[in-house]
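Reader: I have a model open and want to learn how to read its features. Where do we begin?

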Amino acid sequence: MGQLLVSGFAIGCIYALTSLGFVITFKSVGILNFAYGEMVMLGAFFATTLVVSLKMPLILGLLLVMIAMVGVGIVFAFGVYRPLRNKPVRTVVIATIGVSIALQALALIIWGPYPRSLPTLGAPEPINVFGVSILPHNLYIFGITIAVMVLLWLLYAKTSIGWKMQAVAQDAEAARLMGINVDFIIITTWVLSALLGGLAGFLLAPLFFITITVGFAAMLKAFAACIIGGFGSFPGAIVGGLFVGLAESLLAGYVSTAYKDALTFALLIVILLFLPQGLFGEKIGEKV
Amino acid sequence: MRQRKAFLVPSLGAGVFLLAVLPLLMTSDYWKQLLIQALIYIVIVVGYNFVTGDVGQLSMAQQGFFAIGAYTTAILTTTTAWPWWAGLVASIVVTGFVGAIVGIPTLKVRGQYLIMVTMAFSEIMRLVAVNWYGLTGGAGGITKIPAPSIAGMHFTSKTAIYYLFLGMAIIMILVAWRVRRTKYGRAFLAIRDGELAADVMGLNTTYVKVVAFFLSAVFAGVGGNMFASSFGYISPDTFGLSQTVLILAMLLIGGEGSIAGAVVGAIILTYLPELLRFAAGYYMLIYGALILLITLFLPGGVVGYAKKLWHTTLAPRVFKIPPPPPSVYTPKYDARDLMMEALSSRSSFTKVPKRSKAVAADEGEV
C-alpha cells in the first residue's frame, strides 16, 4: 500500500507538472495545444542527448534542457500560436495535432526509433523510509515539484509579470489598453508552458524508456488530469495530476496492471457524469 | 435550371462509368486494395460528418465505433458460423446500441470535456481489444476472417469486393443525403449554428445529438464490417489514436458539414501516402505539415474552396452561367442583432451599436 502510494504520488507529481504546462496556454490565450506532448518528448530527448550521449552531469544537462525549452516555447509562440490565435477550437485541435505528428516524425529522423533512457537523479538504490523503500529519484521528483509550484505561485501572486499574465488571461484587449506589452506576456506564457513540459520530460526519462510516442501519452494523461480537476484551473490541474497518478498506481496494484489505463479513463468518464465541470471547474452560466 | 440539368446528366453518367471501370484499370491487387480502403473510409467519414460536421460536436469516438464494428463482425464470423451479412447486421446493431448508450451521458458535456471523454472511450475500446485475449485475440488480433458472401455469392477477388463495397458506399451516402433532408438533418444544423437558440425554439438538443451520435456509430459499424471482411485480419494497432486523427483530418481537409467534403477528404488521405511515397521517412513530417497548412489556409476544406471558386470565378466568368436572382428578402441584420436592438431600445435611448459587444464576444469565443 505504502509502496503504491509513493510511486503513484511520484508519477502524479510529474502529471501535475505536465498538466500545469498544458493548461497554462489554454487559460491565458485559449489554445488547446495538442502538440504540447511534444514539448515533453523534446525535453526528454534533449536530456538523453546531453547526459547520455555527451556525458554531461545531470544538473548541467537540466540547465541546458531548460535553456533549449525557452527556445521551443518561443518557436511555438510564433509558429503555432500566431497563426492559430483567432481560429475555432476544432481548427486549433487538428492543426496542433498536425504539428504534433510533424514533430514526432522529426524526432524519429533525429533520434531514431530505439528507446532511450536517462540515469536517475541520486543513487539508483532505494532507501528505506518507515518500511517503505523509496527511490531517491522519487524524492527528487517530490522536491522539484513542490519547488516549482511554490515558484509558480510566487510568480503569479507576487511579481508584476505574474499580475500582467493574469490580466492578459482575463482580457487581453483591456490589458493592452492598460499599457501591458501583451505580445511579450503571451510569449512568456508559451515559454513557461515549454519549461514545465521539458521539466516533466526530464523527470520522466529515468522512469520510462523514451520513444517518440511518449509525448502524446503524457499529453493524454495531462488532458485527463486537467479535465478531472476542472479545465482551466491551476489547483485543478495539480490535484487532477496527483489523482490520475495515484488512481493509476492503485488500480494497477489492486485491480489489474493490464487494465489500469482503461480503468483510469473509465473513472474519468464516471467523474464527469457527476461533476460535468470537474472538481474545481467554474460553474459559469452559458453566454447567450 | 435547365442548363444545370444539361450539365449534370452527362457528368453523372461519366462518373458512374469511371467508377465501374476503375478496378479494371488497376493492374495490381495493391491498388485495388487502396480503392477498397477509400470506400471504407468514405462510409466512416460520411458518418462522422453527422456529429462533427453537421452538429459541430468535436467527437473522437468514431474510431472506437469503427473498432467495435470490425471486432463484432470478426468475432461472429470466425468463432460461430454466422454468414457475412449476419455479421454486418450485428455490427450495425451493436455499434448503434453502444453509440446511443455512450451518446446519452457524453453529449451533455461540451468542448474540451467532450473531446476528452470521447478520446477516453476510444482508448478504452482499444485497451480492451489488447487485453481481453479470450474474446479479441489480444495484441495478435483475429485472423482468417471470411470474405463477404451473400446468398451463395462469394466476394473473394478484390474486384468483386470493390463492386460490393461501391454499392454499400453509395447506399450509405444516399442514406446520409436523405437524413439531411429530414427534421433531424435540419435540427443538426440548428444546433451547430446556435445551440441555445435551438434549445429555446423547443428542440430537445440532447436527444438530437444522441441521434447524430447513433447515426455516426452505425456508419462506423458498417465501415468496421467492411474493413474486417475485406482485409481478413484485424488487430488493435489499427484502432489507435492515429486513426482518430486520420478520420478527423479527412473530414476537415475534405470540408466539414458536407457529404461531398467527407467523400473527397477520405479519397485524398487514402491516396496521400502513395503520392508521397518518394518522401519515405519524411512522409509523416509532410503529412503533419499538410494538415497544419490545409486547416490554416483552406478553412472550408477542399470542397469549400472548390465551391467558392465555382461561385466567384468559374461559373460567372468561364461557363457564363448567370448568378441566381437575389432572394426576395435580404435581412439587413441577423436575428441576434435584431433581438439585441429590440431589447436595448426598450430601456436606453443611446444609439445601438451595429454589433453589440456581446455578439462580438460570442463570435470570438471558443
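This is a predicted model: local features need pLDDT of at least 70, side-chain atom pairs count only at pLDDT 80 or more; totals for chains, interfaces and linings use all residues.

Reader: How many residues of the lining are nonpolar, polar or charged?

Author: The lining of the largest cavity has 6 nonpolar residues, 1 polar and no charged.

Reader: How much space lies in the largest cavity? And how many cavities of 30 Å³ or more does the structure hold?

Author: The largest cavity has about 40 Å³ of space. The structure holds 1 cavity of 30 Å³ or more.

Reader: Now helix packing. At what angle do H3 and H11 of chain B pack?

Author: Helix H3 (residues 62-79) and helix H11 (residues 241-254), both of chain B, pack at about 115 degrees. Their axes lie 8 Å apart. That angle makes H3(B) roughly perpendicular to H11(B), because angles of 65 to 115 degrees count as roughly perpendicular.

Reader: Which residues make the contact?

Author: From H3(B), B:Gln62, B:Gln63 and B:Phe66. From H11(B), B:Leu241, B:Gln243, B:Thr244 and B:Ile247. By class, this contact of H3(B) with H11(B) has 3 nonpolar, 4 polar and no charged residues.

Reader: Is the crossing left-handed or right-handed?

Author: H3(B) passes H11(B) in a right-handed crossing.

Notes
Residues are numbered from 1 along each chain as its sequence is written. Chains are lettered from A and ligands numbered from 1 in the order in which they are written. Side-chain values use heavy atoms; hydrogens and water are left out. Axes are lines fitted to C-alpha atoms, for helices over the stretch in contact, and angles run from 0 to 180 degrees between N-to-C directions. Helices (H or I, at least four residues) and strands (E, at least two) are DSSP runs, numbered from the N terminus. Angles under 35 degrees count as roughly parallel, over 145 as roughly antiparallel, 65 to 115 as roughly perpendicular and the rest as oblique. A crossing is left-handed if the near helix is turned anticlockwise from the far one by less than a right angle, and right-handed if clockwise. Contact means heavy atoms within 4.5 Å. Ala, Val, Leu, Ile, Met, Phe, Trp, Tyr, Cys and Pro count as nonpolar, Asp, Glu, Lys and Arg as charged, and the others, Gly among them, as polar. On a 1 Å grid over the protein atoms alone, a cavity is a set of points where a 1.4 Å probe fits but cannot get out, and a pocket is an open set with protein on both sides within 12 Å along at least five of seven lines; lining residues have an atom within 4 Å of a point. Grid points are joined across faces, edges and corners, and a volume is the space filled by probe spheres set on the points.
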